[in-house]
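User: I have a structure to read and I am new to this. Can you show me how to look at helices and sheets?

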Amino acid sequence: MGQITLKDITKSFDDTQVIPPLNLDIKDGEFVVFVGPSGCGKSTLLRLIAGLEDVSSGDIVIDGNDATHAAPSERGLAMVFQSYALYPHMSVRKNIAFPLKMAGLDKDKIDEKVSGAAEVLNLTDYLERRPGQLSGGQRQRVAIGRAIVREPAAFLFDEPLSNLDAALRVNMRSEIIDLHHQLKTTMVYVTHDQVEAMTMADKIVVLNAGVIEQVGSPLELYHSPKSRFVAGFIGSPKMNFIPGTANNDAAFEIGVRPEHLLVVTEGGEFRGKVASAEHLGSDTFVRVDVPGVGEVNARVNGDIDVNYGDEVGLQINGPVYRFDEDGLAI
Amino acid sequence: MARQQTISNKLVWTVLAWILGATIFFPILWTVLTSFKTEAQAISIPPVMFDFDWTFENYETVQERSNYSRHFWNSVVISVGSTLLGLLIAVPAAWAMAFVPGKRTKDVLMWMLSTKMMPAVGVMIPIYLMVQSAGLLDSKTALVIIMMLVNLPIIIWMLYTYFKEIPGDILEAARMDGASLKNEIIYVLTPMAVPGIASTMLLNVILAWNEAFWTLNLTAAKAAPLTAFIASYSSPEGLFYAKLSAASTMAIAPILIMGWFSQKQLVRGLTFGAVK
Amino acid sequence: MKTIKKNLLATALLSATMATAASAETITVATVNNGDMIRMQGLMADFNAKHPGIDVEWVTLEESVLREKVTTDIATKGGQYDVMTIGTYEVPIWGNNGWLVPLEFDVSYDVDDLLPAIRGGLTVNDNLYAAPFYGESSMVMFREDLMAKAGLEMPKAPSWNFIMKAAKEMTDKDEGIYGACIRGKAHWGENLAFITATANSFGARWFDENWNPQFDSAEWSDTLNFYLNLLNRYGPPGASSNGFNENLALFQQGKCGMWIDATVAASFVTNPKDSTVADKVGFALAPDNGLGKRGNWLWAWSLAIPAGTEKADAAKSFVQWATSKEYLELVASKEGWANVPPGTRTSLYANPEYQKVPFAQMTLDSINAADPQNPTVDPVPYVGVQFVAIPEFQAIGTAVAQEFSAALAGDKTAEEALAAAQALTERAMDKAGY
């Protein structure tokens with residue numbers, strides 16, 4: 001089981017409210033990603049769930065029990081930290097065994113569970129080493145191992161991949177996804193990287209300044225963003241925002257994703273000079289300087305022949321999102 | 001050229017370091033040398049460095065006259081006892097100040113340090129009276145407590161500095177892993193702070209070992225440590241420099257040997273946090 | 001009937017416990033580190049044999065530490081010590097405060113045998129408050145060979161003028177020999193002891209009969225100028241930091257023509273083991289100026305029993321033993337007559353064996369030449385030769401000692417030092433309410 005419900009929770013540091021009243025349901029077995037720019041409160045929210053910070057008001061319910069004032073250790077949750085937070089003075093074995101030892105399991109049981117976790121995570125050969133003797137990826141696996149042995153109701157991940165290099169990050173990402181498929185345990189994952197969010201999540205929670213902008217599956221957010229903020233945050237390259245007047249639209253602002261634009265020689269809704277053309281083979285990213293609008297990005301066929309300085313047109317070939325003055329979708 | 005310059009640079013620093021070291025060590029060396037001289041050689045003008053008749057008679061006299069082992073044992077109990085008792089109090093205190101600081105934590109730390117700025121003699125009479133009415137004059141118990149209190153600010157400050165260097169994440173991880181506060185301190189914080197705690201301990205043992213105000217004023221016969229042993233060989237009327245040196249050598253030898261063997265820990269602990 | 005029986009039983013039990021307690025009584029004796037006291041610690045077998053019920057614990061300390069500790073203990077009735085070694089300075093003050101147990105000994109102790117000058121310094125309102133363990137005065141120690149070389153002969157009782165002249169003749173700075181080695185270290189027990197005793201022979205005094213400080217008198221000016229001239233011209237370099245020990249080292253190394261200091265030094269400088277000039281030392285009385293007072297002091301390390309002790313009887317047994325005639329004989333039989341603690345008993349100096357000790361007569365004469373009750377030419381309201389037995393003296397004395405030491409170091413003139421001494425003493429005495 002791993003059902004987490006946040007009811008009207010708020011958090012203030014001194015006089016500054018960083019989380020206004022917030023409600024959220026996390027279902028058992030779900031992979032939920034909190035995403036948002038730095039300072040949006042996603043980590044604070046995670047720490048509130050973990051119990052490392054106290055809520056200022058509201059309730060946290062875990063598996064039907066009120067956990068608002070429970071100590072971290074009583075919530076049945078496990079957490080993986082950005083810095084791994086391994087115990088430097090303990091061997092890998094002891095690191096992984098630590099939560100079991102705290103839970104008062106007997107030695108045989110601990111050994112069995114540690115070996116099991118080490119096997120799943122490919123750590124069997126490293127059990128007697130100290131964390132200082134491991135690579136970044138191995139440390140991350142130890143941190144995960146330490147989390148899974150306790151068989152928690154849910155895993156909490158606080159930007160666990162941000163200290164790894166790009167290649168390793170992709171690997172670890174799929175390892176975590178695999179793990180989720182194996183364990184089927186609720187996972188709450190915090191990241192500022194929308195790619196991680198899109199690739200991993202069952203459900204994405206987009207946060208902005210402590211407020212939930214939108215909750216939904218990756219494709220729901222992609223296709224039906226509720227606000228300009230969500231629309232701009234989800235999707236890569238970023239959505240183009242163009243004043244409504246420039247397209248004879250009544251809306252305050254319209255948004256078109258780069259992949260929904262075609263580059264044409266004649267006609268098109270907008271015309272301008274090519275400011276850059278990046279040929280990636282599979283795709284070409286074209287940046288067009290449109291007078292009166294600014295730069296507009298398009299993601300088009302890899303074989304297209306456009307170059308710097310060419311006069312081109314941009315033709316909308318997909319949905320147009322419309323936003324009002326407050327940035328809300330119309 | 002550049003290489004030559006770094007080598008000669010290194011040489012200069014090494015020589016300077018040795019000169020400084022020798023200068024600091026010289027009084028101790030002189031004391032030890034004097035302890036092997038006769039009283040006449042000890043005051044001879046010009047002084048003799050090594051060229052004298054080495055004798056053990058001062059050590060024999062001191063052995064005969066004083067109960068060295070009792071003073072030694074008292075010193076051990078007082079310095080080690082006060083340090084352990086101090087750590088027992090200081091570890092939780094420093095934990096609280098380093099990891100759950102309040103608005104006034106900094107002020108509390110400064111206030112604690114400020115108690116060290118007052119000359120001890122200023123509180124001599126009240127403390128003497130308190131110890132007396134507790135019936136603890138000339139007892140090791142009183143000295144263990146007093147020395148613990150005297151050095152507590154230093155212990156807390158040192159531990160606080162070490163604890164500040166420990167990432168808070170790791171302690172939070174322990175909490176997530178189900179460790180109670182007690183277990184968090186015992187299994188995670190303390191082992192990680194071992195170098196810091198060890199050097200705090202060593203330094204504090206040395207401080208308590210050498211403390212010569214309270215140890216002299218609150219003891220008479222039974223609980224008098226080595227400081228009193230040295231003081232009993234000092235005399236304004238009569239030249240007992242060689243015997244005084246022998247007594248001093250015997251008093252500092254244990255702590256010097258301990259310091260020698262633990263110098264790696266000590267240096268590491270004292271420079272902890274200085275180089276980041 | 002039953003109750004009476006019960007009571008009897010209880011009393012019997014009680015006295016039995018008390019008897020065992022008494023048999024295991026331990027007294028703590030605080031003492032200074034000097035040869036005579038250390039020697040006594042080696043002779044305790046005799047005491048233990050005579051008093052098997054009393055164990056003695058020794059606390060030996062440096063003089064200033066001891067003074068600080070016993071003062072704290074007695075002022076707070078700490079009860080850490082059962083016997084304290086204190087000087088002639090403390091006894092009148094503490095006796096007056098009721099801090100000490102008056103001593104009454106049985107006939108065998110022969111209290112009238114104590115030297116009158118010493119006994120007088122330890123008596124307050126006709127009660128003896130401390131028993132003298134050893135007494136000392138000051139005298140002139142000089143090098144007979146250097147005196148002969150200078151063509152002079154030291155009189156038995158020299159004048160200050162002779163000392164100045166002899167110092168001049170004996171000084172040979174090329175050879176590193178200085179005519180006069182004298183205390184210059186700033187402390188009431190160091191330079192000020194010498195200067196105050198000297199001032200007595202110059203007709204000066206600390207206070208007049210109404211407690212008015214007298215440093216502005218001509219006599220004080222003469223005293224200090226004489227002292228400064230003597231040391232500046234014929235003293236060793238750096239004299240302003242020399243105390244007893246530094247001068248002892250200089251004299252033993254053959255660097256001094258004359259040394260005016262404590263009589264206890266005689267046994268050091270004549271000991272061939274430590275002294276390079278042991279066979280060349282002569283002694284003379286402290287100098288005078290023909291005014292009827294000599295420039296010597298009087299001091300006695302004495303054993304006293306603090307009023308706070310619960311073991312006064314055991315303590316008294318110890319004090320009686322340590323200051324008895326029998327103890328002197330015990331030391332003589334074990335260590336020789338030269339090592340007997342000097343300066344306490346008339347009978348010792350009547351002993352023909354003791355009269356053979358070279359400095360015995362000179363010590364007795366020096367002690368007899370000092371009178372703590374009437375230390376000065378003009379009358380004074382205080383007791384004490386080289387000190388003033390009032391509680392404020394330690395602080396005032398050390399402040400004045402610093403002024404005089406500064407004058408010797410050349411930081412001040414004699415007149416400036418005396419003016420400062422006068423001002424600070426007036427202020428302190430005003431504050432103290434005299």
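Analyst: We take a sheet in chain A, then a helix in chain C. Keep in mind that this is a predicted model.

User: In what order do the six strands of the open sheet in chain A come?

Analyst: General idea: strands of a sheet pair through backbone hydrogen bonds, either parallel or antiparallel. Here the order is 6-7-8-3-9-10, and the pairing is mixed.

User: Which strands of chain A stand at the edges?

Analyst: Strand 6 (77-80) and strand 10 (211-216) of chain A. Each has a single partner strand, so one side of each is left without a neighbour in the sheet. The twist averages 20° from one strand to the next.

User: How many bridges join strand 9 to strand 10 of chain A, and do these strands run parallel or antiparallel?

Analyst: Five bridges join them, and they run antiparallel. One pairing to find: A:Asn208 has A:Val211 in strand 10 of chain A as its bridge partner.

User: Which strands of chain A does helix 5 touch?

Analyst: Helix 5 (residues 166-183) of chain A packs on the sheet and touches strand 3 (31-35), strand 7 and strand 8 (186-191). Its direction makes about 160° with that of strand 8 of chain A.

User: Now chain C. Why is helix 11 of chain C largely enclosed?

Analyst: Buried means under 20% relative accessible area. Eight of the nine residues of helix 11 (residues 244-252) of chain C are buried, so the rest of the structure largely encloses this helix. Among them are C:Phe244, C:Leu248 and C:Phe251.

User: What covers the buried residues of helix 11 of chain C?

Analyst: The cover includes helix 13 (241-261) of chain B, and also strand 8 (256-262) and helix 12 (265-269) of chain C.

Notes
Residues are numbered from 1 along each chain as its sequence is written. Chains are lettered from A and ligands numbered from 1 in the order in which they are written. This is a predicted model: local features need pLDDT of at least 70, side-chain atom pairs count only at pLDDT 80 or more; totals for chains, interfaces and linings use all residues. Side-chain values use heavy atoms; hydrogens and water are left out. Buried means under 20% relative accessible area, exposed over 50%, partly exposed in between (1.4 Å probe, protein chains only). Helices (H or I, at least four residues) and strands (E, at least two) are DSSP runs, numbered from the N terminus. Contact means heavy atoms within 4.5 Å. Two strands pair if DSSP finds at least two bridges between them. Axes are lines fitted to C-alpha atoms, for helices over the stretch in contact, and angles run from 0 to 180 degrees between N-to-C directions.
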